[in-house]
Protein chains: 2
Amino acid sequence: MFHRAVVVAASLLAAVSRVGALWPLPQSLSEGTSALRLSPGFHITLAPSVAFSAPLDLYEAIGRTQGYLFTDSLGRLVVGRGASDVSAFETAAYLTELQLSLAPGSKVNSITTEAQKPLDERDEAYTLTVPSNGSAATITATSTLGLYRGLTTFGQLWYEYEGTVYAVNTPVEIEDKPAYPYRGLLLDTSRNFFPVSDILRTLDTMSLVKLNEFHWHVVDSQSFPLEIPGYTELAAYGAYGPNMVYSASDVQTIVSYAGARGIDVMVEIDTPGHTAVIADAHPDFVACNQARPWATYANEPPAGQLRFTNSTIATWTAGLFTELAKMFPSSLISTGGDEINMPCYDDDEETQRDLNATGLSFNDALSGFTQQTHAALEAAGKTPVVWEEMVLNYNLTLSNETYVLVWISSEDVKAVADKGFRIIHAASNYFYLDCGGGGWVGDYPAGNSWCEPFKTWQNSYAFDPLANLTSDQYSLVAGGQHNLWTEQSGPSNLDPIVWPRAGASAELFWSGAGGNVTAALPRLHDVSFRMQQRGVRSIALQPLWCALRPDECDLNW
Amino acid sequence: MFHRAVVVAASLLAAVSRVGALWPLPQSLSEGTSALRLSPGFHITLAPSVAFSAPLDLYEAIGRTQGYLFTDSLGRLVVGRGASDVSAFETAAYLTELQLSLAPGSKVNSITTEAQKPLDERDEAYTLTVPSNGSAATITATSTLGLYRGLTTFGQLWYEYEGTVYAVNTPVEIEDKPAYPYRGLLLDTSRNFFPVSDILRTLDTMSLVKLNEFHWHVVDSQSFPLEIPGYTELAAYGAYGPNMVYSASDVQTIVSYAGARGIDVMVEIDTPGHTAVIADAHPDFVACNQARPWATYANEPPAGQLRFTNSTIATWTAGLFTELAKMFPSSLISTGGDEINMPCYDDDEETQRDLNATGLSFNDALSGFTQQTHAALEAAGKTPVVWEEMVLNYNLTLSNETYVLVWISSEDVKAVADKGFRIIHAASNYFYLDCGGGGWVGDYPAGNSWCEPFKTWQNSYAFDPLANLTSDQYSLVAGGQHNLWTEQSGPSNLDPIVWPRAGASAELFWSGAGGNVTAALPRLHDVSFRMQQRGVRSIALQPLWCALRPDECDLNW
């Protein structure tokens with residue numbers, strides 16, 4: 001079903017005028033060439049049938065949208081930054097009102113509630129019209145989340161020149177909905193820590209390009225910055241420091257902030273690998289803790305993996321997921337499962353003793369452990385998510401409801417689909433933001449990164465989510481995400497390494513595949529400059545000379 | 001002569017303890033293992049013989065150093081960030097005074113004056129002693145610039161833990177001077193513009209690692225953000241906007257700020273290529289202005305090169321350099337000369353008419369033009385600097401005093417030396433900060449950069465400045481620089497793309513070649529974290545787990 005959307009989007013991309021600059025591109029877009037001014041008295045209203053029942057987060061979104069309209073102050077990306085638009089807009093009509101309404105019979109939930117629904121229940125569709133004669137603009141939808149997406153699109157129509165806020169492409173008519181329900185961004189807060197404010201800013205920027213899933217790889221072997229009720233010793237011993245912990249209150253702040261912006265938070269506690277840090281609080285729980293040489297026992301130092309064959313430890317872990325499930329309202333929680341190191345367990349007396357005692361194979365013990373943690377999540381109403389090794393390297397008993405994150409290579413997608421699992425694209429060869437910037441390993445004069453080269457936005461943008469799949473497997477693809485592993489990232493470079501590159505997957509998984517980079521570039525500039533206006537350090541893709549002159553820096557110009 | 005310094009530094013790098021963390025590493029360093037506390041009443045004094053004659057910028061540097069000592073608040077990069085140092089420092093002596101003195105007979109100039117001297121007259125040597133018993137520390141030198149370098153080193157000795165500022169490696173004895181007199185950083189402010197504040201912050205960071213030459217590639221074909229008296233039309237027409245111009249007053253601010261930090265500003269106006277923007281004010285001065293396809297007429301759009309064969313234009317250009325020379329007190333000014341495009345001139349009627357009229361070959365006309373601009377500089381007491389094509393692609397009459405920037409490849413160094421020119425290393429295969437981050441060309445789905453891959457700090461650090469040269473050519477090597485061309489950079493990513501990577505060339509050209517990345521990494525972390533404490537967005541090289549545990553993330557650990 002998504003494939004059809006792809007074709008529509010592709011033809012749109014070729015046909016769309018350069019006047020407007022929406023990102024991601026709507027599924028259906030009709031633009032005029034008339035200017036329209038925003039009245040100083042411009043306001044956003046809810047239809048009477050909704051006004052009394054609308055949730056507070058929708059009212060807040062309305063206020064935020066109105067604020068951005070007057071504070072973005074984005075000059076249009078043309079020579080003169082809007083000076084040449086004056087003659088058009090100085091006689092244009094004023095827009096005074098944008099009316100939001102829900103279709104009759106729509107249930108009125110908060111944006112947050114809608115955003116946190118299971119993937120196949122999310123409703124992000126909306127219709128937006130902006131007449132050129134000053135009549136009220138309208139957004140209609142069947143959910144508050146749809147209204148929110150429409151507000152985001154509306155906000156991208158406007159530029160500012162010497163105190164006038166105006167659009168140049170009215171009348172606008174948009175019918176829109178995402179090609180894929182899962183459009184994510186992974187942030188690793190374990191290798192290096194990020195203050196809450198960095199995460200909130202990232203959520204704001206995600207929402208600007210309609211990303212809807214914050215995949216929070218919150219802990220790993222290097223540090224455990226998450227305070228989990230009943231398991232607070234993990235952060236107490238395993239965080240980088242007392243000022244580098246996400247408290248339960250911080251989590252609530254992040255989850256709420258995300259929800260109000262149409263974003264679900266999918267937390268991940270990677271198990272049984274990537275858990276050395278648990279040894280800081282529970283030395284007995286971890287095999288091969290800080291064993292040397294680390295390269296034998298782990299893909300990254302410090303080595304250390306949960307002794308999952310021990311039933312006490314397995315039960316403790318399942319209990320941890322039960323607590324985690326209480327903190328995160330999302331329907332999705334990831335139990336990880338990547339990069340399990342065999343020498344670590346082979347050399348671990350306790351693990352081998354457990355296996356001998358139970359007579360279980362390693363595979364079956366792992367299957368039992370995973371079933372136990374997943375059962376804990378399912379009991380809490382959650383759907384488990386795992387990394388690809390859980391289904392490709394082992395023969396585990398996993399529900400086919402499980403979502404599988406493909407990370408090693410996009411070549412592995414087909415094998416996951418053949419096993420009947422639902423897929424989230426996160427492949428290193430397309431969506432790893434950290435590649436190509438040098439390596440983090442010490443004592444390594446070559447210094448290159450393991451996943452060379454740098455993944456350009458063009459590379460990600462040209463990804464085909466359905467490649468190698470049969471048409472009956474298409475519906476297994478839930479969407480995809482860019483990933484920021486932070487061995488060499490921190491607050492200093494968070495924005496520049498993520499933006500605007502992650503916009504490439506945002507459009508790919510919203511608008512569908514088939515777009516071309518030439519048509520996309522001017523719009524990606526536009527949203528990147530808008531990010532900058534909002535205080536996000538999104539980087540330049542070209543000299544400003546090029547950004548102001550679409551096409552003129554194309555190779556064929 | 002530099003080669004001998006190299007060998008000394010290399011043995012030091014192997015032997016140095018992990019206690020101290022200076023960057024760049026001094027030529028000679030003896031460290032103890034005693035702690036020393038900074039007294040709250042700590043002060044820096046000038047020897048009586050200097051105090052009455054010392055320049056204001058030295059007094060300011062003293063104040064700044066004192067300020068950083070108490071505000072850096074850098075926790076030592078060990079587990080616990082200094083908690084384990086308490087037992088050592090709580091019984092340590094207090095340091096109350098640092099005495100600066102100049103050797104008898106030294107001339108007392110300002111730091112600025114010393115920094116702006118010709119390369120072979122700069123005196124940056126200093127001796128620093130920090131006893132462990134609380135006796136006064138001392139810096140002695142034969143110039144204020146040497147004292148300034150010593151102050152910078154002194155400032156890197158100190159850490160903070162819960163209100164105590166302390167060192168862990170006293171007594172310290174250092175004899176230091178740079179291996180090479182030229183240690184630069186190039187910033188291109190034409191492709192994308194940088195506010196003055198970004199440049200000032202960059203100068204501060206350069207001075208922290210003892211870089212001493214700001215190579216300001218201020219204008220190019222894309223924009224002309226420099227206001228030059230008598231030539232103000234260039235910025236008026238060619239800047240990206242009225243708020244994206246460096247006024248004469250801005251230049252003075254930048255030059256003074258740099259000078260006070262021991263940094264010389266070498267401005268570059270690239271000629272005769274890279275000059276399309278001049279056509280905005282003087283359409284007749286430029287051949288092939290914005291000609292298409294641009295790829296035929298330039299390496300980057302917009303195409304356009306000065307009609308240097310026209311004597312009026314040549315005289316105008318020489319006059320521009322005369323004015324430029326008044327703005328920049330440095331002994332060095334670059335006239336550029338890279339990437340001259342032949343089809344542009346071949347197809348230009350005016351140029352061909354001039355050549356026919358004079359009977360000059362292209363080469364000889366170019367030689368005449370270059371002689372004219374260089375003569376203008378020499379008349380103003382300046383030494384010209386050019387890019388490598390000026391000596392490798394043409395047979396021009398150039399003074400052997402000319403400095404030649406090698407950029408295309410380090411393989412070209414030998415050829416430049418064989419022609420007897422002095423060399424500044426700036427090769428793209430070692431020192432280009434913009435490589436490997438994707439390409440700026442539009443309509444280019446592959447999206448990769450022309451100078452793949454990313455140049456890691458390890459790669460730059462391992463560069464041998466004397467490779468392929470004969471020993472009698474060693475003295476031709478003035479030093480080198482990292483370069484930031486800004487097709488894809490701007491204020492958003494200035495700090496993260498430059499720091500701490502440019503520290504690699506800072507140490508290479510101060511301490512000499514032969515260092516190894518394993519020994520360097522903990523110190524590079526240290527200076528990078530200190531940069532962060534000073535508000536510079538220097539990036540993480542490793543997970544914090546590794547940064548706190550030197551060696552433990554080495555491949556062989």
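So, polar contacts between the two domains of chain A: nine residue pairs, both partners at pLDDT 80 or more, link domain 1 of chain A and domain 2 of chain A. By polar contact I mean a pair of N or O atoms within 3.5 Å; within protein, one must be able to donate a hydrogen and the other to accept it, and residues adjacent in sequence count only if both atoms are side-chain atoms. Keep in mind this is a predicted model: local features need pLDDT of at least 70, side-chain atom pairs count only at pLDDT 80 or more, and totals for chains, interfaces and linings use all residues. Residues are numbered from 1 along each chain as its sequence is written, chains are lettered from A and ligands numbered from 1 in the order in which they are written, and side-chain values use heavy atoms, leaving out hydrogens and water.

Where do the domains run? Domain 1 of chain A is 28–176 and domain 2 is 184–514, with bounds from an automatic or database domain assignment. On contact (heavy atoms within 4.5 Å), domain 1 of chain A puts in 21 residues and domain 2 of chain A 22 residues.

There are also two salt bridges between these domains, meaning a side-chain nitrogen of Lys or Arg within 4 Å of a carboxyl oxygen of Asp or Glu. Glu213(A) and Arg122(A) form a salt bridge through their side chains, at 2.9 Å, N to O.

How much area gets buried? About 1700 Å², 47% of it on carbon and sulfur atoms; that's accessible area (1.4 Å probe) that the two parts lose on being put together, summed over both. On the domain 1 side of chain A, Gln116(A), Leu119(A) and Arg149(A) lose the most, together 33% of what that side buries.
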